[in-house]
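Okay everyone, thanks for coming. I'd like to walk you through a structure I've been looking at, strand by strand and then charge by charge. Let me get it up on the screen.

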Amino acid sequence: MEETLTFSGSASFATDYFESCIYSILYQRGIYPEEDFEVINKHNARVMTTVNKELEKYVADVMSQVKDWILENVIQKLVLLIQSVETGETVERWQFDIKAKNSNEDGQLISLAKESEKFDREFRATIRQITASVSFLPELTEKCTINIQVYTDKSVLGNEKWGTGDVALIKGGGEHMRLKTLSTSAHQVETFVAYQLKDNY
Amino acid sequence: MLNLLQAKKKTSTSSTPSISSTSFRSKESSTRTNASSLKRAPSASLLNTHRPNGTLKRTLSASSQLNTYGKEWLESTLTSKTRKIDNDHQNSDRCMATLSSGDIASTQFHIERKDNPISFGTSSILSHNESIAAACGIVSTSSILQYQNVPPKNKNNNPVFETARGYLKVKPRRNIPEAPVKILDSPYMVDDYYLNLLGWSCHNVVAVALERSVYLWNAETGTANVLDEDPKHMVTSVSWSADGTLLAVGDETGETQIWDVYRSELLRSMGGPTCRVGVLAWNKCTVSSGAYNGVIYNHDVRIEKHNISEFKGHDEEVCGLEWRSDGEYIASGGNDNILNVWDPRQHRNSIMSRQEHKSAVKAIAWCPWNLPLLATGGGRDDKKIHFWDATKNTKLNTINAGSQITSLRWSHHYKEIVSTHGLPNNNLTIWEYPTCNKIADIHAHESRILHSALSPDGELLATSSADENLKFWNVFKHNGSEPLITRTTKPSSQLRRTNSLR
């Protein structure tokens, strides 16, 4: 019998994807210096990973929690905020909408090999899009930092690591851009980026 | 587009000029409405119950945006078109930015039709709704959690930027000659970093102390004479009063002498410390003497009991001292690497005390055109120029100058500052502020530059070095324009007027 992708396997695919996206964004947008990153091969794509131990811990810590929430099926969105250090204003907002598919539907019978091939293709496409996004995203002129938010079901309670956050939207709505959709048999992730509208745009 | 142009041409060449392009387009769109509503007939019933005028809205917006697509689009069904877009999305890297406000109507339509796989700008609509909900205090279905740990700092950001700035040389907008305009011989110049032996008065007289004697060189006439014919002690500091008639001279015994330069007369000698006075600073009728024991003595030259207050904030020799131009604050630097800013009205504690320099702080300069701005430079182990906002007690900027800083002088006409340096380059450097770009770097002396002074017109800089030369540099050449200096006191004529009214 062919191996099929389980629900938890799909969750780790998703967190894998988030991690690569976050590192790519941090590298491409220059939030952390070049020397903090190195290129690795993941899902047949060249993606960024970090050699900065603190950053690695920060992201890994977020991801382990996010994975738990995906397994419990209570998470709706993961949001990476790029905010100005000085004003705290949100400059860029990367949003990952997570949708769990109904597992009784036809998708479940797809074999793991086929599934991961499809996943790899979509993964590569999105990473490429993030890299390409530098060409149209406005230059970050001020010092920026990051924040990570999740949108969960009301039943999820915060803990000492996860406190209630504000809706950190871009002032004036900003401009929005939809990236490719990533899907496994169990989940679908839609990626958006919202960025500040500059005067000369 | 081509189709439409051709169509336009056709209508214009035809004999009936009344048929305009707009009427042509409206005709086309109406046929399209028919076609698409026809093709989508099976799903129309479902749609109509959901939103009665949905189909109409869709076709209108489509025709307004896509009326140049031509016949092919017209004949294809709407569903097949969406599938085509979907395919595009999987096979190409094309990024399409969607204006958030541009096609709200059509995205709204898509959102309400939940079965439609394509939904451009969904996020904008959702987040907009969320923001409205949040503003109205309505609890939405999800809760927002934020990861509380602080992300690691970008460590490399600051120093890279700093050094990049320090070594970035920007071409000045004017010509800065790299050769001195004049060189004077100054034999027996004491090679001591902690002393201050050079001054330039507003009457264009340069005072320079060489061992025991103080020489006065008139820059206008070129004549030189010695102040005291029979000196007894080594001079450790000189300073001109604001009106250029009085010269304060500090010596190694701790005496501060006040000389009337034009009558060559010693007016008074004021004691205080029992150790050398390395630096002097005037504020109207007050002379502040920074002594070897780390205390700053304030002498009022008009009254008999001249010692009016003391600032005790340094553990070691005071070597940098300067009053702000309005006399509100005085900044002092010592061999204990401490920078202090004092308010003369509360002399017990400094209002700002910083220990960021890693070496003695001799170079101190208040900015003449931005009163709170203070520049300080560190010695051999520090090599940094810090810029402070003294009233807010904050550091504004830092330049890594790369060598010992012996003095700093702000330009009166340009937003620039000149720094003089010791080993290894013995150079003088002009920096732009606040960009901190290096404008000019002049290899000035054979040995370290000890002291500097600006001419009364703010153009020339005199530098005195341990190589026993006194050199004059035309660093801030200007066309006689008004200086940038910010006035804090009212002009005297206005003051006089208020007096007469009373």
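Let's begin in chain B, with strand β13, residues 286-291: it is mostly covered, with 6 of its 6 residues buried. By buried I mean under 20% relative accessible area, with exposed being over 50% and partly exposed in between, using a 1.4 Å probe and protein chains only. Strands here are DSSP runs of E with at least two residues, helices are runs of H or I with at least four, and both are numbered from the N terminus.

Before I go on, the housekeeping. This is a predicted model, so local features need pLDDT of at least 70 and side-chain atom pairs count only at pLDDT 80 or more, while totals for chains, interfaces and linings use all residues. Residues are numbered from 1 along each chain as its sequence is written, chains are lettered from A and ligands numbered from 1 in the order in which they are written, and side-chain values use heavy atoms, with hydrogens and water left out.

Back to β13(B). In a regular strand the side chains alternate between the two faces of the sheet. So what sits on each face of β13(B)? One side has B:Thr286, B:Ser288 and B:Gly290, the other has B:Val287, B:Ser289 and B:Ala291, and all are buried.

Now its partners. Two strands count as paired if DSSP finds at least two bridges between them. On one side, β12(B), residues 277-283, runs antiparallel to β13(B) over 6 bridges, and there B:Val277 has B:Ala291 as its bridge partner. The two make a hairpin with 2 residues between them, and B:Lys284 in that turn has a positive phi of about 55°. Then there is β14(B), residues 295-300, which also pairs with β13(B) in the antiparallel sense, over 5 bridges. Look for B:Ser288 opposite B:Asn298 in β14(B). That hairpin has 3 residues between the strands, and B:Gly294 takes a positive phi near 90°.

Next stop is β5(B), residues 205-210, where 6 of the 6 residues are buried, so the strand is largely enclosed by the rest of the structure. B:Val205, B:Ala207 and B:Ala209 point one way, B:Val206, B:Val208 and B:Leu210 point the other way, and all are buried. β4(B), residues 198-200, pairs antiparallel with β5(B) over 3 bridges, and B:Trp200 is bridged to B:Val206. Between those two strands are 4 residues, and B:Asn204 in the turn has a positive phi of about 70°. With β6(B), residues 213-218, β5(B) pairs in the antiparallel sense over 6 bridges. B:Val206 shows up again here, with B:Trp217 as its bridge partner in β6(B). In this hairpin there are 2 residues between the strands, and B:Glu211 has a positive phi of about 55°.

One more sheet: an open one of 4 strands in chain B, in the order β3-β30-β29-β28, with antiparallel pairing. β3 (182-185) and β28 (449-454) are at the edges with a single partner strand each, so one side of each has no neighbour in the sheet.

Over in chain A, A:Lys42 and A:Glu19 meet at 3.8 Å, N to O. This pair links distant parts of the chain, 23 residues apart: A:Lys42 is in strand β1(A), residues 37-42, and A:Glu19 is in helix α1(A), residues 7-28. A:Lys42 is buried at 16% relative accessible area, whereas A:Glu19 is partly exposed at 22%. A:Asp16 joins these two in a network of salt bridges.

Last one, B:Glu356, which is partly exposed at 30% relative accessibility. It forms a salt bridge with B:Arg354 at 3.0 Å and another with B:Lys395 at 3.2 Å. B:Glu356 lies in the loop between β19 (352-354) and β20 (361-366) of chain B and B:Lys395 in β23(B), residues 394-400, so the pair ties together parts 39 residues apart in sequence. B:Lys395 is partly exposed at 35%.

Key:
Salt bridge = Lys/Arg side-chain N within 4 Å of Asp/Glu carboxyl O.
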